[in-house]
Amino acid sequence: MPVLPATDETIARAAGALAAGGLVAFPTETVYGLGADARAANAVAKIFAAKERPQFNPLIVHVPDLETAEGLAEFGAEARALAAAFWPGPLTIVAPKRPDCGIADLVTAGLGTIALRVPAHPIARELLEKARLPIAAPSANRSGRISPTEAGHVAAELGDIPDVILDGGPCERGLESTVVSVVDDTPTLLRLGAVPRREIEAVLGHSIEIASEDAPIASPGQLERHYAPQTPVRLDATQVEPHEALLAFGPEVPEGAATTINLSAKGDLAEAATQLFAALRTLDESGARAIAVMPIPNEGLGEAINDRLRRAAQAR
């Protein structure tokens with residue numbers, strides 16, 4: 001499958017592939033997604049097969065605006081407040097699914113809820129405009145592996161499986177969307193992501209709890225082992241061995257690693273989030289026997305970064 005620069009012509013080609021039941025990889029501001037027509041069960045099934053993804057793990061549906069989202073789900077006051085504050089952008093809202101929404105049951109894993117997002121990336125928005133259909137799209141990688149933030153990552157993971165891979169360059173945010181459930185009177189954070197928890201709490205006017213590890217799967221990103229390289233990951237490293245690759249953070253970096261990538265020499269969490277998945281992928285391919293990860297502050301975007309690293313480090 002060729003990686004195609006995103007132009008009006010290639011985006012139109014991708015829209016045609018979606019309408020015909022095909023798969024399209026495309027950039028968003030978070031990571032690259034692997035999309036299919038969310039209304040077509042056969043097309044959605046191709047996503048699960050391509051990713052080797054368990055079918056109890058629901059998908060996010062990408063739509064162009066709040067009006068379209070409200071045609072698919074029931075939005076209360078808090079859901080509308082979050083949409084007004086963060087859409088278009090890297091927030092996914094899980095809300096009660098309308099019975100007549102027309103979305104394939106496989107997308108929602110048979111649940112009575114649906115995960116919805118309005119992306120901000122201009123290529124994703126143009127694809128939605130040209131396709132004129134809701135796009136179910138998880139990250140464009142094998143299930144449980146490192147999320148792709150460049151078109152080349154998609155090609156390396158999925159080869160010729162997508163009908164089109166649209167190249168929009170590196171993703172701006174580099175972390176998946178934050179996922180918030182607003183199904184009942186107590187909004188719940190299902191996945192930490194590119195919108196920090198404190199920003200969500202500022203909009204809602206109250207604190208929000210993170211779903212427990214044993215909570216039923218209601219959105220992507222809740223599996224215990226996820227975002228993982230093939231190379232074992234060791235967290236909170238303050239020193240490093242010669243056989244290890246080092247994922248560093250901040251100005252003071254221990255010496256002696258086989259290879260080192262610093263997510264942000266100045267200690268900027270936004271910069272670190274943008275670099276995270278690409279850095280993990282590079283270190284995974286370095287030939288090191290393990291990846292040591294320096295401590296990262298667990299505040300703001302650091303919460304989401306540490307969540308990804310913890311899941312990546314889970315024993316196989």
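Is S181 buried or exposed? In this predicted model, S181 has a relative accessibility of 12%, and because burial is assigned under 20%, this residue counts as buried. S181 belongs to strand β9, which covers residues 178-181. When residues up to four places away in sequence are left aside, the residues that S181 touches are V94, T186, P187, T188 and L190.

A pair of aromatic rings is described by the distance of the centres and the angle of the planes. A search of the whole structure for such pairs finds 1. This pair is formed by F75 and W87, whose ring centres lie 6.0 Å apart and whose planes meet at 55 degrees, so the arrangement is classed as tilted. The two partners come from distant parts of the chain, 12 residues apart, with F75 placed in the loop between α3 (66-72) and α4 (77-86), and W87 in the loop between α4 and β5 (91-96). Both residues fall under the 20% limit for burial, because the relative accessible area is 6% for F75, while W87 has a relative accessibility of 11%.

The cysteines were considered next. A disulfide is a covalent bond between the sulfur atoms of two cysteines, and the structure holds 0 disulfides. Among the cysteines, C101 has a relative accessible area of 12% and is therefore buried, and C171, at 5% relative accessibility, likewise counts as buried.

Conventions:
Residues are numbered from 1 along each chain as its sequence is written. This is a predicted model: local features need pLDDT of at least 70, side-chain atom pairs count only at pLDDT 80 or more; totals for chains, interfaces and linings use all residues. Side-chain values use heavy atoms; hydrogens and water are left out. Helices (H or I, at least four residues) and strands (E, at least two) are DSSP runs, numbered from the N terminus. Buried means under 20% relative accessible area, exposed over 50%, partly exposed in between (1.4 Å probe, protein chains only). Contact means heavy atoms within 4.5 Å. Rings of Phe, Tyr and Trp (its six-membered ring) pair if their centres lie within 6.5 Å; planes under 30 degrees apart count as stacked, over 60 as edge-to-face and the rest as tilted. A disulfide is a pair of cysteine sulfur atoms within 2.5 Å.
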